[in-house]
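User: I'm new to reading protein models. Could you walk me through a few features, one at a time?
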Amino acid sequence: MPDGRRLAYTEWGLRDGKPVLCFHGTPGSRLFCPDEQATSTAGVRLIMPDRPGIGRSDPLAGRTLADWPKDVAALADALLLTAFGVVGVSAGGPYAAACAALIPGRLRGVALVSSRALTEYNWAERPGVEEAWSPDERAEFDLAQQDPAAAALLAAQHAADWVDQLDEHPEIIQKELEAADGDRWFFEDPSRTAMFEATMRDWRRQGLDAIQWELIDVFLPWGFRLAGIQIPVTIWCGSQDPRVRHIDFQVSTIPHSSVVIWPDTGHLGFVKHWNEILEAVV
């Protein structure tokens, strides 16, 4: 990066393919490609970067959602990409939305996939949304308004037990996702399950101190509004996904948006329908 930080990324697909940057969820990292075969068949060069503090990317203290498009533009410049598509999966959704709002001239297409944060943590555009948050989240948000650094430390403390438990029992996430009948197929392939667990482990490679700002980014000023996005955006989700609610809010708030709801999947619908997403953003 221009400031001397390292930003790690992984590539799949065709070296000379149509470029698409995909922003992973939480816990997640650069190590997971939703569908390698579909990526190559679509003629895509898929680039998956680790956000600061995650995987092998250096931390960035005080970062906000609005800082991410700067890193994306710097990565694209380093790879000699003038234009590209972006896909934000789950917790990666706000980062893709930030790119749509702040660097629209670089983007060929935008996909917001299975992203609850765009609705359930959008406190600036949905007044009162914090009433549905947990006590820990309310405490982090309140502190973030006064002392962001202290809020980041508090979020890391709150997350410690869950992260330790996830390290010992990665199947916790699997059991949660398998609650959707349409996602059970995903874990039938041992190699795919191993890749999924590896991407979760790498998420906290550098420890909780490195990712503490990731844990509170939605509680800080976003630096953009969904209502201010002026380029076309497609919103995707599975009808069996218990994590994604209020999709109507995203569609009604983003001016030039459309929605695709998959009836046969839950939170992992983007894996089954990866080819559709790629076609939309290139």
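User: Let's start with Leu80: does it count as buried or exposed, and why?

Analyst: Keep in mind that this is a predicted model. The general idea is that a residue is called exposed when its relative accessible area is over 50%. Leu80 comes out at 75% relative accessibility, so it counts as exposed. You'll find Leu80 in the loop between α2 (68–78) and β4 (84–89). Leu80 also has a positive phi of about 60°, although it is not a glycine.

User: And Ser90, is that one buried or exposed?

Analyst: For buried, the cut-off is under 20%. Ser90 has 14% relative accessibility, so it counts as buried. Ser90 sits in the loop between β4 and α3 (93–102), and its phi is positive too, about 55°, although Ser90 is not a glycine.

User: Which side chain does the side chain of Ser90 join in a polar contact?

Analyst: Here you look for N or O atoms within 3.5 Å of each other. The side chains of Ser90 and His267 are joined by a polar contact of 3.0 Å. His267 is in the loop between β7 (257–262) and α11 (269–272). With a relative accessible area of 8%, His267 is buried.

User: What else is His267 in contact with, leaving aside neighbours within four places in sequence?

Analyst: Besides Ser90, His267 is in contact with Ser114, Leu177, Asp183, Asp241, Arg243 and Val244.

Conventions:
Residues are numbered from 1 along each chain as its sequence is written. This is a predicted model: local features need pLDDT of at least 70, side-chain atom pairs count only at pLDDT 80 or more; totals for chains, interfaces and linings use all residues. Side-chain values use heavy atoms; hydrogens and water are left out. Helices (H or I, at least four residues) and strands (E, at least two) are DSSP runs, numbered from the N terminus. Buried means under 20% relative accessible area, exposed over 50%, partly exposed in between (1.4 Å probe, protein chains only). A polar contact is a pair of N or O atoms within 3.5 Å; within protein, one must be able to donate a hydrogen and the other to accept it, and residues adjacent in sequence count only if both atoms are side-chain atoms. Contact means heavy atoms within 4.5 Å.
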